[in-house]
Amino acid sequence: MLAFRVSVCFLATGALFAQHTFSTNDIEDGRRGYEANCARCHGSEGNLVTGVDFTRGKFLRAATDEELIKVIRSGIPAAGMPPGTFSDFQAETIIAYVRFLGTSGSKPVPGDAANGKAIFEGKGGCLKCHRVNGNGSRVGPDLSEIGNQRRFADQIQKSITDPDAEILPQNRIVRVVTKDGSTINGRLLNQDTFSVQVFDSKEQLVSVLRSNLRTLTFVDKSPMPSYRDKLTPQEIGDLVNYLVSLKGL
């Protein structure tokens, strides 16, 4: 079934892809290339750049696969996108992965959104870290539009049950130790030549001069606990459905 879906996908993508038959291994190579080089700015689902949504076929500066390959290899300097050191075939596999991602779909997760909201605000304790439409904490990511940002329900479910599996770049946690021994843990908001800005666990924006830094370490674990054993499968389904329903005001 997978091979059939891949074949159908690439019969429809034009002359460029007609030059190659892409195997599932090629698609996997494209996924790795995308995650290593593209996901930092575009996101794991390709929808973090305004006006662009790879999985829905929305592109600002390209309409055909040939044009997409050119963008990947040459970059868009005016938009801050650097050129990529890819061969034609490597660039094609990235586009192949993006095209496949856009047609792969996602199994719906059964559940009740109203009960999920009650779990989010009550038993789950999610408002201690997250914020929805102005209500809750800003320690963790704002989830007011999570239903738009994370298109696949099963990916949201995985974030709930296995939060260490994927940590988006904008949610990276760092541990900063200053020269006087103070330690700051929080989300990295920005860093430049002179300073580092962190949103700490007290919901305070902290800026530290690099000249005062002893160490800055990325934490490879998510601060969010797994709910795999804290909620029943039905409660997880309800919570996922509530999160999927959040599209902003």
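# Close-up views of a predicted model

The structure holds 7 salt bridges, a salt bridge being a side-chain nitrogen of Lys or Arg within 4 Å of a carboxyl oxygen of Asp or Glu. This is a predicted model, in which local features need pLDDT of at least 70 and side-chain atom pairs count only at pLDDT 80 or more, while totals for chains, interfaces and linings use all residues. Residues are numbered from 1 along each chain as its sequence is written, and side-chain values use heavy atoms, with hydrogens and water left out.

**View 1. The whole chain, for orientation.** Let us start with the overall picture. The protein chain comes to 10 helices and 7 strands; these are DSSP runs numbered from the N terminus, with helices (H or I) of at least four residues and strands (E) of at least two. Of its 249 residues, 40% count as buried. Here buried means under 20% relative accessible area, exposed means over 50%, and partly exposed covers what lies in between (1.4 Å probe, protein chains only). Among contacts between residues at least 6 apart in sequence, 57% join residues at least 24 apart, where contact means heavy atoms within 4.5 Å.

**View 2. Helix α7 packs against helix α10.** The axes of α7 (residues 113-121) and α10 (residues 233-244) are 7 Å apart and cross at an angle of about 95°. That makes the two helices roughly perpendicular, the term for angles of 65 to 115 degrees; angles under 35 degrees count as roughly parallel, over 145 as roughly antiparallel, and the rest as oblique. On the α7 side, the contact is made by A113, N115, G116, K117, I119 and F120. From α10 come E235, D238, L239, N241, Y242 and L243. Each axis is a line fitted to C-alpha atoms, for helices over the stretch in contact, and angles run from 0 to 180 degrees between N-to-C directions.

**View 3. Y242 at the helix crossing.** Zoom in on Y242, a residue of helix α10. Y242 counts as buried, at 6% relative accessibility. Not counting residues up to four places away in sequence, Y242 touches A113, G116, K117, F120 and V132.

View 4. K117 is partly exposed, with a relative accessible area of 36%, and E121 is partly exposed at 38%.

View 5. In helix α3 (residues 24-37), R32 and D29 lie 3 residues apart, about one turn of the helix. Their side chains meet in a salt bridge (2.3 Å, N to O). R32 is partly exposed, with a relative accessible area of 42%, and D29 counts as partly exposed at 37%.

**View 6. A salt bridge between two loops.** The side chains of K221 and D164 meet at 4.0 Å, N to O. K221 lies in the loop between β7 (213-219) and α10, and D164 in the loop between α9 (153-161) and β3 (173-178), so the pair ties together parts that are 57 residues apart in sequence. D164 is partly exposed, with a relative accessible area of 34%.

View 7. D200 is found in strand β5. D200 is buried, and the nearest side chain of opposite charge, K202, is 6.4 Å away; Lys and Arg count as positive and Asp and Glu as negative, with His and the chain ends not counted. Have a look at the K202 backbone, though: its nitrogen lies 2.9 Å from a polar atom of the D200 side chain. Leaving aside neighbours within four places in sequence, D200 is in contact with V139, I184, N185, G186 and V206.

**View 8. Two loop residues with positive phi.** Most residues other than glycine have a negative phi. E203, in the loop between β5 (195-200) and β6 (205-209), has a positive phi of about 60° although it is not a glycine. E203 counts as partly exposed, at 28% relative accessibility. N133 is found in the loop between β1 (131-132) and β2 (135-136), and its phi is near 50°, again a positive value. At 39% relative accessibility, N133 counts as partly exposed.

Notes: A polar contact is a pair of N or O atoms within 3.5 Å; within protein, one must be able to donate a hydrogen and the other to accept it, and residues adjacent in sequence count only if both atoms are side-chain atoms.
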